[in-house]
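Hi everyone, thanks for coming. Please have a look at the screen, and I'll walk you through what we have.

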Amino acid sequence: MASDSLTLIGFWGSPFALRVPVLVHQGKSLAESLVILEYIDEARKQNPLLPLDPYEKAKARFWSRFCVPAVMTTFSKGGEEQKKAAEETRENLKTLESGLEGKRYFGGETIGFTDVATAWLGCWVRLVEEIVGINLIDTKSMAKLNAWFDDFLVHPIIKECMPPREKLMEHNKVFYKVFTSLST
């Protein structure tokens, strides 16, 4: 795959493109972040994203699908629906933290599948907190998760791929106004 034609397509302001957007490989396109990550993992055996152990692989897949709906509802709704979604998000993030199991990354000492699939939350949740005015990541009760977000987001490879925070903030403020005006 290294010498093959490979194109990644996304929009810098999309929280989903912070994971993995559309992939075009040898003229064939794939959509959906987790499908793309599994494809890359299978096509590039020399740099596996998923663990080799079947149980660890299943856990990585589980954690990678965790948390997303409640975070999106916290951003896109208002009033009681938003408060309920914020509480669910906090509970989900606390549960997600348990998946770190004392490791630097979900993948151990190196970035793996779950890290790539979920770390966009570290950036986007913090934007949502500021825009919506609701605290979702308690740095005391979720110290490990908070440290993981910080560590992951400053990793040189990840940092190089991230859009500027200020640009993301302005973009998402506009979308928040649109979402909340549609839900009222």
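In the protein chain, 64% of the contacts with a separation of 6 or more are between residues 24 or more positions apart. A contact here means heavy atoms within 4.5 Å.

A quick word on where this comes from. This is a predicted model, in which local features need pLDDT of at least 70 and side-chain atom pairs count only at pLDDT 80 or more, while totals for chains, interfaces and linings use all residues. Residues are numbered from 1 along each chain as its sequence is written, and side-chain values use heavy atoms, with hydrogens and water left out.

Now, the fold. Along the principal axes, the C-alpha trace spans about 50 × 35 × 25 Å.

What share of the 184 residues counts as buried? It is 43%, where buried means under 20% relative accessible area, exposed over 50%, and partly exposed in between, using a 1.4 Å probe and protein chains only.

Let's move on to salt bridges. The structure holds 12 of them, each a side-chain nitrogen of Lys or Arg within 4 Å of a carboxyl oxygen of Asp or Glu.

One of them pairs Glu80 with Lys83, with the closest N and O atoms 3.7 Å apart. The two are 3 residues apart in helix α4 (residues 79-98), which means about one helical turn separates them. Glu80 is exposed at 59% relative accessibility, and Lys83 is exposed at 53%.

Another joins Arg126 and Asp150, at 2.9 Å from N to O. Arg126 sits in helix α6 (residues 120-133) and Asp150 in helix α7 (residues 143-153), so this pair ties together parts 24 residues apart in sequence. Asp150 is partly exposed, at 37%.

Finally, shared partners link Glu56, Lys59, Glu101 and Lys103 into one salt-bridge network.

Notes. Helices (H or I, at least four residues) and strands (E, at least two) are DSSP runs, numbered from the N terminus.
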